[in-house]
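The sequence and the structure come first, and the description follows.

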Amino acid sequence: MYYMGVDVGSVSTDIALIDKNYKLIEKIYLRTKGNPIKAVQEGFKILKSKYYDSEITAAGTTGSGRMVASAIIGADVAKNEITAHATAALEIDKDVKTIIEIGGQDSKIIIINNGIVTDFAMNTVCAAGTGSFLDRQAERLDIPIEEFGDYAAKAVSTVRIAGRCAVFAESDMIHKQQLGYAQAEIIRGLCDALVRNYINNIGKGKTILPKVLFQGGVAANKGMKTAFENELGFEIFVPENYDMMGAIGAAIIASEKVIKTGKTRFRGFKLADNNIFSRSFDCEGCPNKCEVVKIYENNNIIGYFGDRCTKWSSKTGEITKLA
Amino acid sequence: MKATFPHLGNVYIAVKALFDGLGIDYVIPPQNSDHALNIGTKYSPEEICLPFKIMIGNYIQAIEQGADTVILTGSCGPCRFGEYCELQMNLMKSLGYNLNFIVLDMPKDIGIKELFNRLVSIGSTSTKSKFEKLKAAKLAIHVMHLIDETEALSHYLAGYERNKGECKRLLQECKTEAMKCSNPAEMLSLIKEYKKRIEYVSVDINKNPLKIALIGEIYTVIEPYSNFYIEDKLMDYGVSTKRGMTPSWWLKNMALSPVKINSLNIKKASREYLSLEIGGHARECIGEAILSYKEGFDGAIQIFPLGCMPEIVSKSILPSISRDFEFPIMSLVVDDMTGEAGYITRLEAFIDLLERRRDNVLYGS
């Protein structure tokens, strides 16, 4: 008997299976590569050979692709990332006060007081300072992203990099690299810049109290962890499954939901082999001209998204309903 | 003359009433859409704020339908909106459009006589008598107030309704039907009727819905396209919302400002945090945040376009208010992105946060 959580993020798609004691049994980390549907199917292909459908007694989704994923897999709940991350963090440590979460497109700060989320903030308009930007810089410098943090750790001093905008940061990095600064120092400078920007933008007006958990894909970067510790002046903690926290949280929330509803809506692993694809069209029903997305499974429509008036999405009724 | 004007929420309904009453030919630009934004982004200065771009889209789409005169409100205020009319005039001219602009500025900036002249120039193509013109203006103002009240009512009752979606449906229907009316009197009675119907929507007074105030920059809080139809979404979530900024509030505020008795409650509320007029509606944003806390709201959402100077100032003040009153406030910045997923996540997370604070829920669904 397992609970499944699927976190469809902009950069990675994570699937976590936890047992009834909320212990992580299985984790699958896949690159979304711009195709959330395919990523979920890939994950299910791996799971199909190991588990029976009946072993999954609850399924939840989170991440920016949660609605589409929920429609495809038949999730019991599709929950936003803030709640999912906070749920998972509180499960491993009841004393956590602050969660720093940096993912592919989003960075967030979650403030917890006595086990309740009392405040949060997210990056407002652009994805500067998030994982996809680090990803892109690693690619540009031809360093595997997994080793990016080690480079920063090697640096003895730091180079100042502009941090408010990813485009500014990139130009700054290129200009400094062309002047001959060492790569390791530039990378460390980038980490410092991202942390500076995080504290000043996301963390503005918030008091960051220990204990701090650092989670999300970027937490793998040791340079970022060190930069945060230098800035805050105390130790921060990266949980063991830092990259699975969203998925674990979604699984926990789903398990609670199923206790209420009594039965899971999970559709099974068979969808791994089905032909799932999407088509979008401009609805001509009114001047809003919504871009509507249709999701097909073997030529049957299983969901509509993107219409404002719910003319289309109501046809799929419950699957598009927000949690 | 074939007049047009930029969209701002429900203003088009009142403008229809006005021009129908005056018997002036007019074009209502197609409702704001990605298409209007695309046109605007193509021609506007790249760094300008979002409202400017959407407005340029409105003009060009209206010109395609024969419009030759733009009626626009102005402000010589210290925010960029003060330069909108001049910039837009130059821009439209350099694009080769022969467009006449009538800018309704504040009397203190252009003088009451000049404002009067400009108003007369709008009315000059009307064949109606002076009395009828005044009557049309009065009716249009009445329509503006009534549609704003009707909208506010349905946004508030959406949290209490028994049949989910009824308020939203009635409001939508009211707007659609109003646009089919051929004269302002007919429109007025139709909106009245809808208002009554919304008042009588079956509600559960024992419900205790979340209440959220929408504050921030005037264009982006009022114009639904620019804020991802946030009020519709909140209605779907069963949240009661309040928005102080409305076109009718703006009219009243303008009319009372020369004698400095405008929005006294807001000025008083904001005094401790922002005692000066810094342009735009920063002071209103701060004042409304505090007022909504005092009125028992659960939280507030600030919306503003990227780079908006006054709202950047208020955004940096809001965390102090949030801390002092333990009142959650979330800021949303809008620009020409049309992907909604990020906004929906923030909205859902904010609602979750408010619910959990209220119920003291540790976690879970």
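## Basis of the description

Domain bounds are taken from an automatic or database domain assignment. The model is predicted, so local features need pLDDT of at least 70 and side-chain atom pairs count only at pLDDT 80 or more, while totals for chains, interfaces and linings use all residues. Residues are numbered from 1 along each chain as its sequence is written, and chains are lettered from A, and ligands numbered from 1, in the order in which they are written.

## Domains of chain A

Chain A is divided into domain 1 (1–92 + 241–274), domain 2 (94–238) and domain 3 (275–323). Between domain 1 of chain A and domain 2 of chain A, the C-alpha centres are 27 Å apart. Their contact draws 14 residues from domain 1 of chain A and 24 residues from domain 2 of chain A; two residues are in contact if their C-beta atoms, placed from the backbone, lie within 7 Å.

On the side of domain 1 of chain A that touches domain 2 of chain A, helix α3 (residues 81–92) of chain A gives the most, with 6 residues. Helices (H or I, at least four residues) and strands (E, at least two) are DSSP runs, numbered from the N terminus.

## Helices α3 and α9

The axes of α3(A) and helix α9 (residues 245–261) of chain A come within 7 Å and cross at roughly 90°. This makes α3(A) roughly perpendicular to α9(A), a label for angles of 65 to 115 degrees. Axes are lines fitted to C-alpha atoms, for helices over the stretch in contact, and angles run from 0 to 180 degrees between N-to-C directions.

Residues of α3(A), including A:T83, A:A84 and A:T87, meet residues of α9(A), among them A:M245, A:I248 and A:I252.

## Helix α8

Helix α8 (residues 222–232) of chain A has A:G223, A:M224, A:K225, A:A227 and A:F228 as its buried residues. A residue is buried if 20 or more other C-beta atoms lie within 10 Å of its own, with C-beta atoms placed from the backbone. The buried residues of α8(A) pack against β6 (98–102), α5 (145–154), α7 (183–201) and β9 (212–215) of chain A. Just after α8(A), A:G233 takes a positive phi of about 85°.

## Contact between the chains

Chain A and chain B each give 29 residues to the contact. On the side of chain A that touches chain B, α3, β8 (116–122) and α9 of chain A each supply at least two residues.

Note on methods: Parallel < 35°, antiparallel > 145°, perpendicular 65-115°, else oblique. Buried ≥ 20, exposed ≤ 12 C-beta atoms within 10 Å, placed from the backbone.
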